[in-house]
Amino acid sequence: MAKRRITQETFDAAVRENMEEFEMDPDEALREAVEQFESQGVELSCIVKAVPAVSSEDKQEEQTHEVLQALDSLRIGKDSASIADMTADIKRFTEHCSLGFAQRYLAAQKDAYPVILSCCKKSLEDQEAVLTALSALAALTDGQPDLLDAEGQQFLLDVLKKYRAVSCVTRVAIHTVRHCCLKHEQNRQDLVKGGVLPLMTGALKQHSGCAELVKEASAALRVMTFDDDVRVTFGHAHEHAKSIVLEHNGLKVLIEAAKAHFDNTSVLSELCATLSRLAVRNEFCQDVCDLGGLKIMMTLLADSYESPELVRQVLSAIRAIAGNDDVKDMVVNAGGVQLIVIAMNRHMSNPAVCEQGCACLSVLALRKPNNCKVIMENGGALAAIQSMKTHSDVVNVQKQACMLMRNLVSRMQNYSQPILEMGAEALIAQALKTHQDCGDVGKAALRDLGCQVQLRELWTGKHGSLTN
């Protein structure tokens, strides 16, 4: 059931009432108001939980939240004051918007977007000023992509073109693009039509030595391949991924960036995550290998296995490119199975690594009996069993482990008995009982392992009513 909502004014009035009528101190009044509304089932995620600040005149009716005080100052000065005179207020606004979503939401409700966009356009010719104003726009649009309009889209494109040689401005502009495209398909499509993709891949090439920009541009390119807007039936995620690769040489740009930052795990994690989103066609998977991407991934698994986040992203990238059957063999021949199993055993307590490790081995085993042999000999099945035991409450680990065991025995029935002796049947049965989503893949794994499994016949094709 949907939770009830209230306005910021209603919440503030309750806090003020607690202070005036019940003589509570500010902290107690705030705490009491929060408890009161939460006990009534009110959603407070968009409410600024703070006592409104008193203005300099100390008039009660002018009490307001600091983010709105900064916004009011900007609104007063946007038409008359120079952008230099407004810098302090813009920075103050950005600081308060960065505190949390509630502050950003409140500012947006009070029409902050046109004020901030006006400041941005006014500052376009001044590098320092545009950086300050862009930071405010980035903070305001975080989690609020609906705010961006056609005027704002054009401003972002103009900044990326005008300041393409200035890494700090380019980075913040791309950061804003990412905020505005996350969970907003129309913004993605409009910006892609406006030419944002070559501007971002160009920034990656031109500023390949700037770690923060590389991370930001990689993340923004990845967002362009998302299909995460529930309001849109069919997005352009696949088309955007193809465009990044075919028209803008995205794979080569990302792999070259990885070579330039081989000692920076956070940059490498971002790049691997984006590569996995771009491997949407068979030939793209092969291109990643031909450009040296697979060699980089194998080296990272061997040398950087201590970082669980990097290991997870590398495994995700290997899983993506191993959709190509030739790449499966290349991964196995490069010693990939051994490295994956080592990584899983090293990070057995990390469910995300276990999930991606099982998924990776599952893809390598699919339609490849020889790869199944290598996986069994190097302890892949045992690592999957241990993952199921360690993370019995994580549905995705259970599903991927079941899928791996199914792929291992579907063409190599002689592996069924060794896997069953490891305790697979009981673990799969437990997963079926605990996780409804494991139903199909769990029963398929039991069936292929030769275990007794009851499959429901939902419809027999006969006339009459369906019975459960």
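Me: What percentage of the residues of the protein chain count as buried?
Reply: This is a predicted model, in which local features need pLDDT of at least 70 and side-chain atom pairs count only at pLDDT 80 or more, while totals for chains, interfaces and linings use all residues. Residues are numbered from 1 along each chain as its sequence is written, and side-chain values use heavy atoms, without hydrogens and water. Buried means under 20% relative accessible area, with a 1.4 Å probe and protein chains only. Of the 468 residues of the protein chain, the buried share is 51%.

Me: How many helices and strands are there in the protein chain?
Reply: Both are DSSP runs, helices being H or I of at least four residues and strands E of at least two. The protein chain has 27 helices and 2 strands.

Me: Which residues touch the most other members of the largest nonpolar core?
Reply: A nonpolar core is a set of buried Ala, Val, Leu, Ile, Met, Phe, Trp, Tyr and Cys residues joined through side-chain atoms within 4.5 Å. The largest has 141 residues, and those touching the most other members are Phe-93, Phe-155, Val-196, Leu-301, Leu-408 and Ile-419.

Me: How many disulfides are there?
Reply: A disulfide is a pair of cysteine sulfur atoms within 2.5 Å. For Cys-119 the nearest cysteine sulfur, that of Cys-120, is 7.0 Å away. The sulfur of Cys-372 is too far for a bond because the closest cysteine sulfur, in Cys-360, is 14 Å from it. By this rule the count of disulfides is 0.

Terms used: Buried means under 20% relative accessible area, exposed over 50%, partly exposed in between (1.4 Å probe, protein chains only).
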